[in-house]
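Take a look at the protein and ligand shown here.

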Amino acid sequence: MRKIIHIDMDCFFAAVEMRDNPQLANVPIAIAGNGPRSVTATCNYLAREYGVRAAMPVGRALQLCPQLQLVPGRMHAYKEASVHIREIFTRYTDKIEPLSLDEAYLDVTDCSECGGSATLIAEKIRNDIQQELNLTASAGVATNKFIAKIASDENKPNGQCVVPPDKIDEFVATLNLKKIPGVGPKTLEKLNRHGLYTCADVRTSTSTYMAELMGKFGPAIYTRSFGIDEREVVSSRVRKSLAIETTLNEDINKGSEQLTHCLDVVAKLLPKFQTRLDKVTDLNIVRQGVKVKFADFTQTTVEHSQDSLNEELFEPLLAQAIERGNGKKIRLIGITVGFAPKQTEANKPVVCQQQLALAL
Ligand code: DCP
Ligand code: CA
């Protein structure tokens, strides 16, 4: 039986700002630029009482909460806090899988601290964070990553939730499917259309049916609905992609010039993208793509298999993305490449003579 902790900082960017500027401590705040097209990165819990949320256009946030204070982000301060919390994690285990600056899975199965109690280890980690950073974190404790992640959200902020093995079944049954990581609004809508709202509903179906309905993700939703998740805590993540994007100062209107304008934007993004790409030396490019967000906030990505970055390819990729928009204005453009690990002598799969003979 594994012991997994998911740690997640509370309203992370906002909490750092409230800590560093006492004038912000007791007022609703959101981290956002103050341009007319800005969206919030996050907001504090006071602002959430008014309905303000992350990724909300600033105009809407101010409608909901006119006294909302907009605070520009200070990424260096968030990174510094992130490095510090990761250092705290290393005191307890080396099996740490960061998910973002403020979130990580820890496998503490072999940790002897606190008599081996994952519940107490989670409390101690949260206490270290509070003492050393003056910030609060929430935690979920369970026997797998899926349950631990959902549990960490249960008693937010500054709380934790432990789901022992004999409570998993009950915990998962009533779970709304939107809580399953990876189930976004579109997936949820499709599941709902087929009468599937909770994990208990999914349990009455079959893995095959779920695969037919949802493709590759279907069987995963099915196993998750029983609270099963065999994924290991992976200490060092291999980068899967590199992306860069920009929200435009003004939407690009439909019309014959739309593609040319988009290509100009891509040309501006390319130097920075290339600099970042040059730093990735241990991976092979396997895909190249574009992302386009339209004025109504719907978005699309178009990708093509590639073994190197081909600038000429952006034109047909963008043309296809624009076509999918059916004449909608464009508000954001991004470019991406996907990677696969390089086959070096060190990581080449070892094929023994016998297997080779069989393959031949
Ligand atoms: N973030 C962002 N843009 C988003 C979502 C998040 O820039 N659309 C940033 C700001 C957050 C940080 O990442 O502070 C962590 O994201 P979380 O989703 O964990 O949200 P918070 O930590 O802000 O709040 P919570 O207390 O709900 O975890
Ligand atoms: Ca968080």
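## The model

This is a predicted model; local features need pLDDT of at least 70, side-chain atom pairs count only at pLDDT 80 or more, and totals for chains, interfaces and linings use all residues. Residues are numbered from 1 along each chain as its sequence is written, chains are lettered from A and ligands numbered from 1 in written order, and side-chain values use heavy atoms, without hydrogens and water.

## Around ligand 1

Ligand 1 is surrounded by 13 residues (a heavy atom within 4 Å). Cys11, Phe13, Thr42, Tyr45 and Arg48 are the closest. The shell holds seven nonpolar, one polar and five charged residues (Asp, Glu, Lys and Arg count as charged; Ala, Val, Leu, Ile, Met, Phe, Trp, Tyr, Cys and Pro as nonpolar; the others, Gly among them, as polar).

A polar backbone atom of cysteine 11 is 2.7 Å from an oxygen atom of ligand 1. For phenylalanine 12, the distance from a polar backbone atom to a ligand oxygen is 3.0 Å.

## The second largest pocket

This pocket (on a 1 Å grid over the protein atoms alone, an open set of points where a 1.4 Å probe fits, with protein on both sides within 12 Å along at least five of seven lines; lining residues have an atom within 4 Å of a point) holds about 220 Å³ of space. Its lining includes His6, Asp8 and Glu103. Three nonpolar, three polar and six charged residues make up the lining.

Methods. A polar contact is a pair of N or O atoms within 3.5 Å; within protein, one must be able to donate a hydrogen and the other to accept it, and residues adjacent in sequence count only if both atoms are side-chain atoms. Grid points are joined across faces, edges and corners, and a volume is the space filled by probe spheres set on the points.
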